[in-house]
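Here are my comments on the model you sent. Please read them with the coordinates open.

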Amino acid sequence: MAPRTTRPVGTPTRGTTNPNRLRRMDRWIAAVHGPALRSSPEPPVAVDLGYGAAPWTAVELLARLRTADPRTRLYGIEIEPARVEAAKPYEHEGLSFLHGGFEVPVPGQVALIRAANVLRQYDEEQVAAVWQRLCGRLAPPDPAGSGPGRYGGGLLVEGTCDEIGRRHVWVALDRGGPRTVTFATRLGSLDRPSDLAERLPKALIHRNVPGEPVHAFLRDFDRAWSAAAPYASFGARQRWIRAVRDLAADWPLADGPRRWRQGEVTVRWEALAPRG
């Protein structure tokens with residue numbers, strides 16, 4: 001009798017991917033979640049969920065995570081069997097590719113799940129259930145208190161970026177739910193901060209309307225960017241840093257100048273959460 005197989009949970013994505021597309025997200029993960037990876041008594045397990053038609057993003061994520069902890073093991077998971085077979089030649093020590101979906105069919109609890117450009121095709125009403133399912137696969141907080149600061153235990157990073165990785169917005173979640181929203185951009189390509197609105201993750205993209213917090217945040221960010229125009233003579237980075245400093249007077253930011261210099265700003269989730 002053949003063993004019963006479980007149908008993966010989810011639907012296939014378009015599979016579009018490019019080398020270095022997710023470098024901004026990866027850089028943030030390695031910096032912010034690196035201490036938690038290193039504090040794990042066991043080699044940390046990471047997942048690139050829905051890596052697409054080519055394995056580049058999974059290969060790159062492992063390399064970047066290993067700058068934080070060389071023990072890291074990564075599983076690339078795809079719901080399309082043909083994509084898994086195409087990725088198999090790229091497997092090596094610490095990197096494997098598996099057929100699966102939101103059930104995350106890897107052994108043990110997971111230190112990191114990255115789901116980039118996966119939920120964009122889903123309805124907004126489906127997002128909470130997917131988040132809950134994925135967060136249920138994350139490692140719990142360390143009872144000894146050596147976990148990753150404001151994130152409790154394993155981390156889910158879910159968001160969206162453009163085709164060549166210039167503009168990203170992602171939500172970071174732990175087992176307790178969403179914690180922060182990060183906006184990241186190549187500063188030289190930015191006209192105004194609200195240009196990032198088109199890359200809001202599914203939970204927020206339809207909420208960029210008057211009366212919703214994320215709309216108010218982007219409006220205030222544009223105003224701060226305009227007020228910081230004199231700093232443009234020192235470069236886009238200095239203008240961004242000044243605008244974010246002004247923004248911090250009214251919005252609960254979760255990072256500081258070291259991250260701002262990278263073209264990032266992270267806001268606490270409760271400040272941007274959809275109303276109702």
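Predicted model: local features only at pLDDT ≥ 70, side-chain atom pairs only at ≥ 80, totals over all residues.

1. Burial of β6. Strand β6 spans residues 167-174 and is mostly covered. Eight of its eight residues are buried.

2. Two faces of β6. In a regular strand, side chains alternate between the two faces of the sheet. In β6, R167, V169, V171 and L173 point one way. H168, W170, A172 and D174 point the other way. Both sets are buried, and they include R167, H168 and D174.

3. The β5 side. Strand β5 (residues 155-161) runs antiparallel to β6, and six bridges join them. Look at E158: it stands opposite V171 in β6. The two strands form a hairpin with five residues between them. In that turn, G165 has a positive phi of about 75°.

4. The β7 side. β6 also pairs with strand β7 (residues 177-185), in the antiparallel sense, over eight bridges. Here L173 stands opposite P178 in β7. This hairpin has two residues between its strands.

5. Aromatic pairs. The whole structure holds 10 of them. Take Y51 and F97: their ring centres lie 5.2 Å apart and their planes meet at 65°, so the pair is edge-to-face. The pair links distant parts of the chain, 46 residues apart. Y51 sits in the loop between β1 (45-49) and α2 (56-65), while F97 belongs to strand β3 (residues 95-99).

6. Burial of that pair. Y51 has 3% relative accessibility, so Y51 counts as buried. F97, at 0%, counts as buried too.

7. A ring cluster. Ring pairs link F183, F217, F221, W225, W240 and W251 into a cluster.

Definitions and conventions
Residues numbered from 1 in each chain as written. Heavy atoms only, no water. Buried < 20%, exposed > 50% of the residue type's maximum accessible area, 1.4 Å probe, protein only. Helix = DSSP H or I, 4+ residues; strand = E, 2+ residues; numbered from the N terminus. Pairing = 2+ DSSP bridges. Phe/Tyr/Trp six-rings, centres within 6.5 Å; stacked < 30°, edge-to-face > 60°.
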